[in-house]
Amino acid sequence: VDNPFGGRGCRRAGKVAHNGKLVLESYNERMLVLQGIVHSCDISSATKALPIYRAWTEKIIEEFYQQGDRERELGLSISPMCDRNNPSIEKSQVGFIDFIVLPLWETLGELMFPFCQEMLNGI
């Protein structure tokens with residue numbers, strides 16, 4: 001799960017003009033911002049109220065565990081976070097939020113202030 005902005009924030013995604021409008025001068029800049037928006041939707045559960053976030057986390061973790069179960073059946077190495085016999089839900093969620101969710105939403109917050117502020121406040 002990569003940040004489409006590559007940790008470089010607005011500098012890679014375009015410029016915010018003095019009037020507060022986002023200036024996207026090229027097709028690549030426009031596509032990068034659109035990719036960031038779609039990706040942010042995909043990982044937005046961490047920005048929701050805690051009961052909603054927990055429900056989505058449980059669904060995702062169960063999907064990971066099913067993958068790990070299948071890997072075990074096939075005699076493969078079990079992927080990180082996919083071993084139901086060795087759960088690390090809290091630790092994985094802290095890393096996911098700190099290194100994936102927050103940087104992406106902070107970048108979007110810079111690009112689309114104030115529209116992302118409520119989501120950022122939820123993290």
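Here is a short tour, from the overall layout to the core and then the surface. Keep in mind that this is a predicted model. The protein chain is built from five helices and two strands, and if you walk along the sequence they come in the pattern α-β-β-α-α-α-α.

**The chain as a whole**
- Of the 123 residues in the protein chain, 31% are buried.
- Take the contacts with a separation of 6 or more: 49% of them link residues 24 or more positions apart.

**The core**
- The largest nonpolar core is a group of 13 residues, and Ile43, Val101, Trp105 and Leu108 have the most contacts inside it.
- Two elements give two or more residues to this core: helix 4 (89–111) and helix 5 (117–122).
- Helix 4 supplies the largest share of the core, with six residues.
- So who does Trp105 touch, leaving aside its neighbours within four places in sequence? Its contacts are Ser40, Ile43, Ser44, Thr47, Cys116, Met119, Leu120 and Ile123.

**The surface**
- Over on the surface, a nonpolar patch is formed by Ile52, Trp56 and Ile60, which together have about 280 Å² of accessible area.
- Ile60 is part of helix 3, which covers residues 50–73.
- Ile60 counts as partly exposed because its relative accessibility is 35%, which falls between the 20% limit for buried and the 50% limit for exposed.

Notes
Residues are numbered from 1 along each chain as its sequence is written. This is a predicted model: local features need pLDDT of at least 70, side-chain atom pairs count only at pLDDT 80 or more; totals for chains, interfaces and linings use all residues. Side-chain values use heavy atoms; hydrogens and water are left out. A nonpolar core is a set of buried Ala, Val, Leu, Ile, Met, Phe, Trp, Tyr and Cys residues joined through side-chain atoms within 4.5 Å. Buried means under 20% relative accessible area, exposed over 50%, partly exposed in between (1.4 Å probe, protein chains only). Helices (H or I, at least four residues) and strands (E, at least two) are DSSP runs, numbered from the N terminus. Contact means heavy atoms within 4.5 Å. Patches are made of residues with over 30% relative accessible area and no salt bridge: like charges are joined within 9 Å, nonpolar side chains (Val, Leu, Ile, Met, Phe, Trp, Tyr) within 5 Å. Accessible areas come from the Shrake-Rupley method with a 1.4 Å probe; for residues, only the protein chains shown count as cover. A salt bridge is a side-chain nitrogen of Lys or Arg within 4 Å of a carboxyl oxygen of Asp or Glu.
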